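Please read the following points with the model open beside you.

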Amino acid sequence: MDRAPTRQQAAPGAIAAFARFVLCGGGVGLASSFAVTALAAWISWPLANALVTVASTLLATELHARFTFGEGGRATWRQHVQSAGSAAAAYAVTCVAMFVLQQLVAAPGALLQQLVYLSASSLAGLARFAVLRLVVFARNRSQGAAPVHTARTEPATVACAAAPAGPAALCRAA
């Protein structure tokens, strides 16, 4: 019961959460861009992107649960599934961006591919931040707040029951 208030108090504000999101998600995204490029030398780009997206989503969700959104613990299966949904949308955005690049430039160099991939990932990342903050990790903060509220009202209820004053006087005092 003591952990819920700690988690509630540890939840960062929107600006701090966004800075942490950029640090964690951006770091994973940057590493992913190099991994996709390296894998694409051996397998098709969409398959390389899919493999890296799965691995990076698992890693990023854990980082976001532990650090970005102040949860302090491991991500739940529900959070992983919901995060995977937003990652699937990000995967689609990066695939479309790379497809458009391939249509516009016959043989794009690695630097141009990285630029397009990272730009598309950044745009998708902004949308993912909103989804993760408002949907995926928001429920745990509101659920964690319920025990805190209950714990605060129980001592007041006990004090009211032990007080000799009538209910009307107690209501006015509250």
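1. On charges over rings, the rule used is that a charge sits over a ring if NZ of Lys or CZ of Arg is within 6 Å of the ring centre and within 35 degrees of the ring normal. Arg20 meets this rule, lying over the face of Phe67 at 5.0 Å from the ring centre.

2. On the basis of the values, this is a predicted model, in which local features need pLDDT of at least 70 and side-chain atom pairs count only at pLDDT 80 or more, while totals for chains, interfaces and linings use all residues. Residues are numbered from 1 along each chain as its sequence is written, and side-chain values use heavy atoms, with hydrogens and water left out.

3. On the overall fold, the chain has seven helices and zero strands, where helices (H or I, at least four residues) and strands (E, at least two) are DSSP runs numbered from the N terminus. Of the 174 residues, 32% count as buried; buried means under 20% relative accessible area, exposed over 50%, and partly exposed in between, with a 1.4 Å probe and protein chains only. Among contacts (heavy atoms within 4.5 Å) with a separation of 6 or more, residues 24 or more positions apart account for 70%.

4. Leaving aside neighbours within four places in sequence, Trp45 is in contact with Val36, Ala40, Thr94, Cys95, Met98 and Tyr117.

5. Apart from neighbours within four places in sequence, Ser56 is in contact with Val28 and Ser32.

6. On salt bridges (a side-chain nitrogen of Lys or Arg within 4 Å of a carboxyl oxygen of Asp or Glu), the count comes to two. Arg66 forms one with Glu62, the closest N and O atoms being 3.2 Å apart, and both residues lie in helix α3, four residues apart, about one turn of the helix. Glu62 counts as buried at 13% relative accessibility, whereas Arg66 counts as partly exposed at 46%. Arg74 also forms a salt bridge with Glu62, with the closest N and O atoms 3.7 Å apart; Arg74 lies in the loop between α3 and α4 and Glu62 in helix α3, so the pair ties together parts that are twelve residues apart in sequence. Salt bridges that share partners join Glu62, Arg66 and Arg74 into one network.

7. On aromatic pairs, rings of Phe, Tyr and Trp (its six-membered ring) pair if their centres lie within 6.5 Å, and planes under 30 degrees apart count as stacked, over 60 as edge-to-face and the rest as tilted; by this rule there are five pairs. The rings of Phe69 and Phe137 have their centres 5.0 Å apart and their planes at 20°, so this pair is stacked. Phe69 lies in the loop between α3 and α4 and Phe137 in the loop between α5 and α6 (138-162), 68 residues apart, and the pair thus links distant parts of the chain. Phe69 counts as buried at 0% relative accessibility, and Phe137 counts as buried at 0%. Phe18, Phe21, Phe69, Phe129 and Phe137 form one aromatic cluster.
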